[in-house]
Structure formats: C-alpha cells, structure tokens
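Thanks for making time. I have one structure to go through today, and I will start with the whole chain before moving to the details.

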Amino acid sequence: MVCDPLSRYWKVVEGKAEARYLIAKRTQIEVDLHSDTGTLWKVHDRQRNGDSQQGSVSLLELKVELARRMLEDCVLCERTCHVNRASGMIGHCGVLDASISSEFLHTGEEPELVPSHTIFFSGCTFDCVYCQNHDISTNPESGLQISPERLSNIIVRRARANEEECHGTFEPYISRNVNWVGGDPTSNLLFILKTLSQCEINLPQIWNSNMYLTDMTLRLLDGVIDLYLTDFKYGNDECAKRLSKIDRYVEIIRRNHLIAKRQAEVIVRHLVLPSHLECCTRPVLTWIADNLEGAKVNVMGQYRPAHNAGSHNDISRPLSASEYASALRIAEDLGLDLVG
Ligand code: SF4
C-alpha cells in the first residue's frame, strides 16, 4: 500500500490530528526562562529528544524565549550576520521588526494547499536577480507592522466560514492552513512564534521558505511546523552565487531538506530556469529522488524574467515549453511524486 506523503497534514485539515504548535503549547516543561542560553537550549533539545518533564512553562514559550535571544546576535539564517537586531541593528536581510506586505486566501498555491492563508513578510535573506516578488523582498520596511495578537485574530477570522458574507449563494470560503512566506519568513521567526502563542485554532502551519536557515532556527521550528514548502533552486554553488549571491548553497540546502524531512512533511518546489536544465534541474531532482523519499515535488514552469534578470543572458527570457516538458520528463523518469 502506498502511504500518502501528506497524510498527517490531511488529518490536521480534517480535524483528526492536532497542529504541532498546539501540542507545543500544551507541553509543559520544568525550566526557568531566566536561565543562561546554554541551559535553555539543553532543556529544549532534551524535550525534543523525548524526555518527558512536568513544569509550568510551555515548550512554545521556551521557543519564543530562545528566538528572542537569537535576535540579539542574529544567526537566524546562514548569512550569520551576528547583529543585535533587538537593539535596532540590521543585517543583510534589512529586517528589523516584522512587516507584513499582504495576507490573503491564496488560491494559486498547490491544489493540496488551497485556499491557503498566505502571510507575506517584507524582506528576504536571498538576493535573487530574477526575484518574482522583488517589490516586497527588496523593501524590508514596506508593508504593515501589526501586533502578534492582531495577526492571530486575522488567522482565526480567515479560518472560520462566514455564512452571512456568503449570503447562502456559494460554499463558505475558509483557509485550510497558515502559509508563512515572503520574501522569506526566516528573519521573522520571533514574530511568528509569538503570533502562534496567541492562537488556538487547529490549522496546519506551513513554512514556505528558501531554506537557508541555520540549524538553530530549524530546531525552534521542530514541533511547530506541520509542512515545509521549500524552494530548491540550484544544483551547484556557482549558479547560486551568481544568481542569488549565496554561499555554500548546495551543502546548506541539502542539509536543511534532510532535517525538514525528519521533522515534518515536505513539498519541494523547483522553479525551472531557462538554460539551467543540466546544471540545476537535473541534479536537484536527482538528489531529491535519492534522498527525500516520501516528499512531494512541484516542478514549476512559470519563470519569467523579472527584476534584474535582463542583465543575465541565460535567464533573460521566459522558459520555453520544450524546456518545461524536458524538466517534467526528468522528474517522471526519476519516479518523483509530483503535486496535483
Ligand atoms: S535573518 Fe537577516 S540579520 Fe539575521 S542572519 Fe539572516 S540576513 Fe542576517
């Protein structure tokens, strides 16, 4: 019998299982939140490794405190800027306080996810020359700064059918999940955890990211995120450096996908770039086939030359239909489980 790679996600959607962040809220541990950071991490990791304790602090509260401390020497992503964002310094991403560019019920995501309550943060840890969302990724101060309490109210409102608004004419339109994205959500980890501390609604939490997180950030997401919706863009470090200004891309992204797969369910997105079938698409899809058994894959063909793509010959045109067909053939030959 073939196991559905998103079986737990569906159980949460159908109310037959609890979203992980709710479990983290209920999990009580014995710890003094004023302890030194090393002690807090030890307690945190012991709990994640199955040590059962009883106390008066929730696991989610402990994660919030650790995320707060990480901001004082920011290593949320592998840029590892080591700036004190709590005292107003900014690092490579330019993000200080979380700023929400938009939030709405997205119907254009993978069929398994829609309608998805997508929350777009301004700012990003990458500098992709072809960024399809460059208006928000390159403007970390754009958008609205709202409180975690207010956002949690919005999440609840988006999740409840409003029969009156529908006037009985069509099915109530409600969110199936919460989809944290940007830019990239990584710089906003503290705000996201604080928002979830205010929520009680049983909805799967989706981390929609370039996956350039540090191992520490991933440890804090463990037990909170139900589904990783990841980008795996490049098959080699040279393309990553030239097109996204990123170092050690392959090593970090592979490591993080393996960690994500151990923690939760995974959908990997691969945006096919024109002229990059052999250097990127084939090695990325081959690695997924060899290492991420049970992950679903979305081979995306909607590339268009946005932002500064025009100054790079290889990606200054849209993807051709034959290139996209070739990418799909590679995925099918590898036996990947495609979305939809
Ligand atoms: S989240 Fe921003 S400030 Fe923190 S390490 Fe990454 S780029 Fe630097």
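I will take the overall dimensions, then the sheet, then the ligand surroundings.

One thing to keep in mind throughout: this is a predicted model.

Overall dimensions, then. The protein chain has 340 residues and a radius of gyration of 20 Å, which agrees with the value near 20 Å for a compact globule, so the chain fits that description. Along the principal axes, the C-alpha trace spans about 60 × 55 × 45 Å. Of the 340 residues, 44% are buried. As for contacts, take those between residues at least 6 apart in sequence: 73% of them join residues at least 24 apart.

Now the secondary structure. The protein chain has 13 helices and 10 strands. An open sheet is formed by 8 strands, and the order is β3-β4-β5-β6-β7-β8-β9-β10, with mixed pairing. At the edges are β3, residues 100–106, and β10, residues 337–338, each of which pairs on one side only.

Strand β4, residues 116–121, runs parallel to β5 and is joined to it by 4 bridges. In that pair, F120 stands opposite V181 of β5. Next, β5 and β6 are paired in the parallel sense over 3 bridges, with W180 opposite W207 in β6. How does the chain get from β5 to β6? It crosses through helix α8, residues 189–198, and this β-α-β crossover is right-handed.

Staying with β5, which spans residues 178–181: which of its residues point together? V178 and W180 point one way, N179 and V181 the other. In a regular strand, side chains alternate between the two faces of the sheet. For β5, the residues on both sides are buried.

Last, the ligand. There are 15 residues around the ligand, and those that come nearest are C74, C77, C81, G91 and C93. What is the make-up of that shell by class? The shell has 8 nonpolar, 6 polar and 1 charged residues.

That is the end of my part.

Note on methods: Residues are numbered from 1 along each chain as its sequence is written. This is a predicted model: local features need pLDDT of at least 70, side-chain atom pairs count only at pLDDT 80 or more; totals for chains, interfaces and linings use all residues. A residue is near a molecule or strand if its C-beta atom, placed from the backbone, lies within 6 Å of it. Ala, Val, Leu, Ile, Met, Phe, Trp, Tyr, Cys and Pro count as nonpolar, Asp, Glu, Lys and Arg as charged, and the others, Gly among them, as polar. Helices (H or I, at least four residues) and strands (E, at least two) are DSSP runs, numbered from the N terminus. The radius of gyration is taken over C-alpha atoms; the globule rule is 2.2 Å times the number of residues to the power 0.38. A residue is buried if 20 or more other C-beta atoms lie within 10 Å of its own, exposed if 12 or fewer, and partly exposed in between; C-beta atoms are placed from the backbone. Two residues are in contact if their C-beta atoms, placed from the backbone, lie within 7 Å. Two strands pair if DSSP finds at least two bridges between them. A crossover is right-handed if, with the strands pointing away from the viewer, the path from the first strand over the helix to the second runs clockwise.
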